[in-house]
Amino acid sequence: MLKFENKTVVITGSGTGIGQAIAKKFAKNGANLIILGRRKEPLQQTADILKKIFIEVKSKAFVKMFSTDVSNEKSVTELFNELKKLNMDVDILINNAGVSGPVTCFSNSPLDEFKKTIEIHLTGTFWMSVNAIENMKPGSKIITISTFFTEERPLEQRPYRFRSPYTASQGSKNRLVECMSWELVDKKIVSIGTNPGPVHSDRIYKTVYPKAASEFLRVSGFNELTPLEVENINKELLDVLGEEDGIIKKRINQITSKLNKDPKYNEIILQLYNKIKTIAEKIQANTSKMIADEQFLSQSQVANTIMTLCDDDMSNILNGKIIPGDRVFYPVKPHVTTVLQQIQQPQFKSHVFILTIDANDVSSYDKAVKIATHIETNEGKVIFFISNSVQSELYSDISNKFHVHKINLLDSDDVQRWIKTAEQKFGKLHMFIHITGNTYEKDITSLSRIEWDELINRFIIAPAVVTKKALEYFVPNGEKDPRDFKNKSGTIVIIGPDSIVGKKIPGSKRAHIEVFRGLLRPFVTTVNQELSDVLKSKIRLHLLLSGSIDGTEPNINKICNALNYFSYYIPNSSEVIYQFDDIRN
């Protein structure tokens with residue numbers, strides 16, 4: 001029996017790897033397949049494989065392939081327009097497309113690569129889903145593949161060092177799965193996520209683990225090589241990892257020649273190669289120890305999981321869940337706290353605070369005024385950088401009371417220029433505070449692409465730009481030499497979106513806000529793990545989340561006390577998310 005006969009399945013990233021394995025399973029069960037990817041050649045190879053399977057199982061199904069970039073609005077829209085022309089409904093969407101993204105400390109991560117990773121993993125999942133919904137009937141399913149590293153427990157968040165854009169997008173993607181399940185109930189469309197854990201793949205063995213190993217060596221330097229030299233050498237060295245000795249030797253000679261170094265550098269580069277290989281193997285071994293049977297899943301096993309989740313009875317039971325809950329035991333310290341020591345008489349004299357804000361709601365500007373008033377009442381100085389996309393009526397009260405500049409918070413050069421100007425005019429900068437503002441009232445699945453992109457800019461891109469530029473201010477040479485981070489101090493605070501206020505709050509509204517809180521939590525914990533455990537600095541990035549599970553009004557005084565506390569103490573490396581109004585713990 002062909003279980004999925006006459007069903008049409010759309011699979012993103014299906015030219016290779018897990019996506020291809022899923023397509024093969026569906027082909028064996030008689031499904032019509034729409035396979036997507038950015039490269040035509042792998043898609044054609046996959047299509048040929050699927051056609052052979054159709055013949056083997058005596059299926060009349062078809063396969064269509066589209067060169068589609070899920071992060072590109074036009075590319076996805078054209079795909080679904082074509083499906084509509086063909087009168088094709090979508091019965092199952094598998095959100096599988098992804099990239100490794102930059103594997104390096106956030107302080108060294110290019111912002112354009114950071115943004116692209118978010119666009120592919122998170123925006124790609126969103127835009128594929130909302131377009132597919134328009135082509136779906138009751139009983140259809142959206143299955144989203146995520147990662148175990150970002151799935152949360154009540155008081156902790158799983159960081160994944162060197163993968164800040166990846167963890168941010170994956171953490172939010174999990175919450176997006178839950179949100180869609182609430183919003184699609186009336187349409188009788190199911191949304192499920194799966195975090196399969198470590199999977200055998202070339203991406204892990206040839207990209208992620210070697211790059212993580214090389215990043216450890218970049219941070220510390222290696223033998224006579226500076227961190228910058230290590231980074232430049234590794235760019236040429238990593239793609240021959242695991243090759244035959246002759247290929248490795250030839251590449252090392254090429255690197256030495258390219259760097260105009262003495263032939264003695266061949267031995268140093270070989271030692272670097274061997275060290276990277278050793279550390280990469282250790283990372284793999286340590287990861288396997290987190291699993292009961294110490295075995296990574298095969299791509300075929302992941303495909304079997306997807307097939308199970310697409311079963312009608314099973315999908316109705318698991319709607320809105322992230323499966324499995326915890327195949328991997330990933331021990332981490334607690335990250336969420338609600339209580340801080342009370343500092344009654346802060347002394348901010350001569351302290352200069354940069355307060356950036358990118359919000360379109362009045363309550364966020366009321367909050368900003370109260371925070372700034374608190375600082376200046378205690379003899380500190382506040383300089384506001386307000387997004388130039390915001391209407392002036394929203395911040396007129398701020399303009400009348402404080403020093404304000406409108407800048408492009410998405411432009412790193414503009415932010416850096418104004419930071420330098422602020423220091424020249426007012427002196428050394430003490431703390432950076434960024435307020436994200438709150439979200440729209442609309443359902444996530446009803447957002448236009450423009451509205452979605454605006455929210456992504458507000459809740460991760462602008463915070464990332466401000467954080468990156470603040471780190472460069474605290475450690476000016478840190479991007480070139482990460483050793484300069486050691487023992488350096490500094491404080492960066494992100495004030496995220498408030499919880500929903502009210503006595504009877506629908507689950508869909510709670511889920512909506514968590515999509516964007518779920519962007520910030522893994523980002524902050526990952527960056528802090530790098531700052532404290534890898535770079536050995538005393539710089540901290542904090543996330544303050546106001547409001548509570550019972551819908552009470554946020555208490556601004558608790559945020560002000562947190563700023564008092566951060567001015568006097570350096571909290572430990574794990575407790576960096578503060579939910580002061582929530583007393584559950």
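Contact is defined here as heavy atoms within 4.5 Å. Helices are DSSP runs of H or I with at least four residues, numbered from the N terminus. The structure is a predicted model, in which local features need pLDDT of at least 70 and side-chain atom pairs count only at pLDDT 80 or more, while totals for chains, interfaces and linings use all residues. Residues are numbered from 1 along each chain as its sequence is written, and side-chain values use heavy atoms, with hydrogens and water left out.

Two packed helices are described by the angle between their axes and the distance between the axes. Axes are lines fitted to C-alpha atoms, for helices over the stretch in contact, and angles run from 0 to 180 degrees between N-to-C directions. Helix α8 (residues 245–258) packs on helix α9 (residues 265–288) at about 125 degrees, with the axes 9 Å apart. That makes α8 oblique to α9, given that angles under 35 degrees count as roughly parallel, over 145 as roughly antiparallel, 65 to 115 as roughly perpendicular and the rest as oblique. From α8, residues I248, I252, N253, I255 and T256 meet Y265, N266, I269, L270 and Y273 of α9. By class, this contact has 7 nonpolar, 3 polar and no charged residues; Ala, Val, Leu, Ile, Met, Phe, Trp, Tyr, Cys and Pro count as nonpolar, Asp, Glu, Lys and Arg as charged, and the others, Gly among them, as polar.

L237 and F523 have the most contacts inside the largest nonpolar core, which has 123 residues. Such a core is a set of buried Ala, Val, Leu, Ile, Met, Phe, Trp, Tyr and Cys residues joined through side-chain atoms within 4.5 Å, where buried means under 20% relative accessible area, exposed over 50% and partly exposed in between (1.4 Å probe, protein chains only). Helix α15 (residues 449–474) gives the most to this core, with 14 residues. Another core, of 35 residues, lies apart from it and includes I375, F402, I495 and L544.

Helix α4 (residues 111–133) and helix α5 (residues 164–183) pack at about 15 degrees, with their axes 8 Å apart. The two helices are therefore roughly parallel to each other. Their contact has 9 nonpolar, 8 polar and 1 charged residues.

Helix α4 also holds W127, which is buried at a relative accessible area of 9%. Beyond its neighbours within four places in sequence, W127 is in contact with E73, V76, T77, S448 and R449.
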